[in-house]
Amino acid sequence: MQGIQAAWPHYIWLNMPLMPHACAEKPYPLSKPAMKPALHDIDERTNLTSSNKFELLLFRLGQSANSDQRELFGINVFKVREILVMPPITSMANTSPHVMGIANIRGQIIPVINLASVVRCKPANGLGILLVTEFARSTQAFAVEEVSEIVRLEWQQVLSAEGQGGGLVTSIARLDGDVESTRLAQVLDVEQILQDVMPPEKQASGVGAGIKIALPAGTVVLAADDSALARSMIEQALSSMNVPYVMTKTGKEAWDRLQSIHTQAQMEGKTVRDKVALVLTDLEMPEMDGFTLTRNIKSDARFKSIPVVIHSSLTGAANEGHVKTVGADAYIAKFAADELAATLLEVLAHR
């Protein structure tokens with residue numbers, strides 16, 4: 001294998017065949033003919049968000065610590081910049097035991113995290129593949145045992161993993177749909193892993209500017225994020241701004257809560273705007289993603305006047321530009337608390 005590259009952030013291709021699975025809705029074996037994807041293929045992948053779908057890159061990390069199984073793990077394709085055969089790694093002094101060192105990738109020095117070590121798997125064949133990722137305005141690489149395939153899924157096929165004992169897993173993807181024999185893939189919380197392995201020198205949850213926001217009496221910010229780490233940081237940031245909030249874990253939960261708030265407001269002779277000042281949502285979430293949640297809000301006469309701010313680790317010009325097509329009022333990257341405060345202040349000033 002010579003390598004896999006991504007026309008960031010839309011498309012990944014390689015010059016070796018992967019192993020597609022016949023039961024997946026539309027697996028993408030990446031082969032040599034796909035080396036130069038047509039523009040309509042790139043657009044198709046970008047436009048998956050209009051139908052509550054996404055693509056998941058599946059990989060293996062070795063034998064699980066709790067069994068002899070080689071479980072499947074997944075990461076959103078839009079977070080993957082490039083996939084390579086393992087390059088030379090330079091070990092660094094005084095780093096986390098989960099950090100293998102650094103690699104020189106096309107002139108950029110990138111830290112390499114041993115993902116198998118993080119999740120306590122034992123690779124039988126070593127760590128031969130490097131996933132170069134970009135999210136939350138940072139670039140890092142994850143060493144994995146092997147890459148399997150890319151599958152296209154609906155977010156309804158993905159269920160929250162919270163409470164299932166997997167602190168580094170945000171959700172479980174049912175790769176073959178809602179059937180008993182479906183394969184399962186664990187979608188890793190790569191933001192949490194990055195925070196644990198390479199904590200930033202300055203914690204992003206603190207709002208250095210000391211901005212305080214006064215919402216209209218009785219209103220809240222309705223927030224949605226499936227990551228426990230993200231929810232904790234959002235809660236700290238909003239609390240430091242004296243902003244009351246209601247936190248939810250998925251786009252569907254936020255949508256259901258918004259409708260419940262509307263019903264309660266009607267019973268009190270009020271409007272939903274008397275209860276909800278703003279919706280703050282992640283993009284990648286089980287059951288219903290942030291794009292769909294935003295579209296639902298902006299296409300519904302009851303809710304369309306509520307400002308929606310996207311708060312996501314899917315950074316990059318394409319992703320940031322795409323949120324405008326669903327009607328979002330603003331986009332900010334995780335986890336820039338000062339930017340969050342400034343953006344909320346600006347959006348609420350125009351409500």
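Visitor: Which residue is the bridge partner of I102 in β8?

Guide: Keep in mind that this is a predicted model. Strand β7 covers residues 99–105 and β8 covers 108–114, and the two run antiparallel, joined by six bridges. In β8, the residue bridged to I102 is P111.

Visitor: What about R120, is it buried or exposed?

Guide: R120 sits in the loop between α2 (115–118) and β9 (121–122). Its phi is near 60°, a positive value in a residue other than glycine. The cut-off for exposed is over 50% relative accessible area, and R120 comes in at 57%, so it is exposed.

Visitor: And E287, how does it count at 29% relative accessibility?

Guide: E287 belongs to the loop between β18 (276–281) and α6 (290–298), and its phi is positive too, near 70°. Buried means under 20% and exposed means over 50%. With 29%, E287 falls in between, so it counts as partly exposed.

Visitor: Now the open sheet of six strands: which strands stand at its edges?

Guide: The order is β12-β3-β5-β15-β14-β13, with mixed pairing. An edge strand has a single partner, so one side of it is left without a neighbour in the sheet. Going from one strand to the next, the twist averages 35°. The edge strands are β12 (146–154) and β13 (158–160).

Visitor: Which backbone oxygen does the side chain of R174 reach?

Guide: R174 is in strand β14 (residues 169–174). With a relative accessibility of 16%, R174 counts as buried. Beyond its neighbours within four places in sequence, its contacts are L153, Q156, Q157, L159, T182, R183 and L184. At 2.7 Å, the side chain of R174 reaches the backbone oxygen of Q156.

Visitor: Which element gives the most to the lining of the largest cavity?

Guide: A search of the whole structure turns up three cavities of 30 Å³ or more, and the largest has a volume of about 190 Å³. Its lining comprises 21 residues, with K79, T170, V187, D226 and E284 nearest the centre. The elements giving two or more residues to that lining are β3 (53–60), β5, β14, β15 and α3 (190–197). The top contributor, with three residues, is β5.

Visitor: Since α3 came up, how many of its eight residues are buried?

Guide: The buried ones are V190, E191, Q192, I193, L194, Q195 and V197. Helix α3 is therefore largely enclosed by the rest of the structure. The count of its buried residues is seven.

Visitor: Over to T343: which residue's backbone oxygen lies 2.8 Å from a polar atom of its side chain?

Guide: T343 is in helix α8 (residues 337–349), and at 14% relative accessible area T343 is buried. Setting aside residues up to four places away in sequence, T343 touches V309, A330 and I332. The backbone oxygen lying 2.8 Å from a polar atom of the T343 side chain belongs to E339.

Visitor: Last one, zooming out: what percentage of contacts between residues at least 6 apart in sequence join residues at least 24 apart?

Guide: For the overall picture, the protein has eight helices and 20 strands. Of its 351 residues, 55% are buried. Among the contacts you ask about, the share joining residues at least 24 apart is 62%.

Key
Residues numbered from 1 in each chain as written. Predicted model: local features only at pLDDT ≥ 70, side-chain atom pairs only at ≥ 80, totals over all residues. Heavy atoms only, no water. Helix = DSSP H or I, 4+ residues; strand = E, 2+ residues; numbered from the N terminus. Buried < 20%, exposed > 50% of the residue type's maximum accessible area, 1.4 Å probe, protein only. Polar contact = N/O pair within 3.5 Å; in protein donor to acceptor, adjacent residues only side chain to side chain. Contact = heavy atoms within 4.5 Å. Pairing = 2+ DSSP bridges. Axes fitted to C-alpha atoms, helices over the stretch in contact; angles between N-to-C directions. 1 Å grid on protein atoms, 1.4 Å probe; cavity = no way out; pocket = protein on both sides within 12 Å on 5 of 7 lines; lining within 4 Å. Points joined across faces, edges and corners; volume = space filled by probe spheres on them.
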